[in-house]
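Please keep the sequence and the structure in view.

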Amino acid sequence: MRFIPIILICLLVSCKSNNKQEKVANHKKTIDSVIVVPKLEAVIQEVVVEQPLNNADSIYALKKMHKLTEIKAYFKDRIIYDQPISLYLNNEMIDSIVVDFCDGKIYPSDDEITFNLLETLTKKCGELTPLYYKCFEYLCSRSDGALGEIMGVYVKKFILNNPSFSIDKCGGECIDHLAFEFAINEEWKYDIKEFSDSLKVISDGVIDSLRMKEFIEEIRKATLEAEKDLR
C-alpha cells in the first residue's frame, strides 16, 4: 500500500511529459504547413516593342515628312500679292484648315481632309481670296495621280465663285487642270460655252467683256491641247 502513491505520481509525470511532446510535435506540424509568400520587390513594367517599318513604309514616311516641310517653308513669311501672309493668317475669318495647311500639318492626298481643304479654298473667300488662291494654286501645281484627276472640278468651282479675281489672276497649272476636265468629254466645246455663259451671268457685267473673251479663249486652247494628249 505504501508503494501505490509513488506509482500514481510516476504515471502522472509520464502523462504530462507525453502531452508536452505531443504539443511540440503539433506545433512543428503547424509551422511546416505554413506557406511563406515572399514579397515582390520588383515592379513589372510594360514593354512596347515597335514593329520595324518595311521599306515601302519608310519611303512613304520620308516622302510625307519632306512634303510637309516643303509646304511650311513655302508659306512661311511669304508675300501674297504685296501683302505679308500674316495679314491673312491673323484674320479672324480665316478657316483653321487653311492655317493648318500653311503650317505644314496637312499632307495633300486623295483623302477626306484634302477634299475638305479644297472645298474650303474654292468657296467665296472675300478678302481672304488672295491667300486661298495661292494655297489652291500650290496644290494645282503639285497634284498628280488620283488627286490631279479631280482638280479641274475645283478649278471650275473657284472661278465661278470668284470670277473677277480668277480672270485677273488664274492661269498656269490651274487652267491646265480645268482644260483636262473639259477634254475628257467629247462635247467639251459645248461645256466651255455653258461655262462661259455662267461666268457672264455671275460676273453681272463687272468684268470687261474683252478680258472675258481672252480668258475663255485661253481655256479653249488649253482644252484643245489636252484633248490631243488624251486621244
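The model is a predicted one, in which local features need pLDDT of at least 70 and side-chain atom pairs count only at pLDDT 80 or more, while totals for chains, interfaces and linings use all residues. Residues are numbered from 1 along each chain as its sequence is written, and side-chain values use heavy atoms, with hydrogens and water left out.

Val98 belongs to the largest nonpolar core, which has 50 residues; together with Phe101, Leu131, Phe136, Phe215 and Ile219, Val98 touches the most other members. Such a core is a set of buried Ala, Val, Leu, Ile, Met, Phe, Trp, Tyr and Cys residues joined through side-chain atoms within 4.5 Å. Helix H6 (residues 129–141) supplies the largest share of this core, eight residues. In soluble globular proteins, nonpolar side chains tend to be buried together.

The protein contains 11 helices and two strands; these are DSSP runs numbered from the N terminus, helices (H or I) having at least four residues and strands (E) at least two. From the N terminus on, the order of elements is α-α-β-β-α-α-α-α-α-α-α-α-α. Of the 231 residues, 32% count as buried, where buried means under 20% relative accessible area, exposed over 50%, and partly exposed in between (1.4 Å probe, protein chains only). Among contacts between residues at least 6 apart in sequence, 71% join residues at least 24 apart.

Helix H9 (residues 173–183) has as its buried residues Cys174, Ile175, His177, Leu178, Ala179, Phe182 and Ala183. These buried residues pack against H6, H7, helix H10 (188–203) and H11. Leu230, in helix H11 (residues 209–230), is in contact with Phe180, Ala183 and Ile184 when neighbours within four places in sequence are left aside. Leu230 and Ala183 lie 47 residues apart in sequence and 7.7 Å apart in space, C-alpha to C-alpha. Leu230 is partly exposed because its relative accessible area is 37%.

Which residues lie nearest the centre of the largest pocket? They are Tyr107, Pro108, Arg142, Asp144 and Leu147, among 14 lining residues. The elements that give two or more residues to this lining are helix H2 (55–75), H6 and helix H7 (145–161), and H7 gives the most, with three residues. A pocket is found on a 1 Å grid over the protein atoms alone, as an open set of points where a 1.4 Å probe fits, with protein on both sides within 12 Å along at least five of seven lines; lining residues have an atom within 4 Å of a point. Lys67, in helix H2, touches Tyr107, Pro108, Tyr138 and Arg142, not counting residues up to four places away in sequence. Lys67 counts as buried because its relative accessibility is 17%.

Asp77 sits in the loop between H2 and strand E1 (79–80) and is exposed, with a relative accessible area of 64%. Tyr81 is placed in the loop between E1 and strand E2 (83–84) and is partly exposed, at 29% relative accessibility.

Terms used: Contact means heavy atoms within 4.5 Å.
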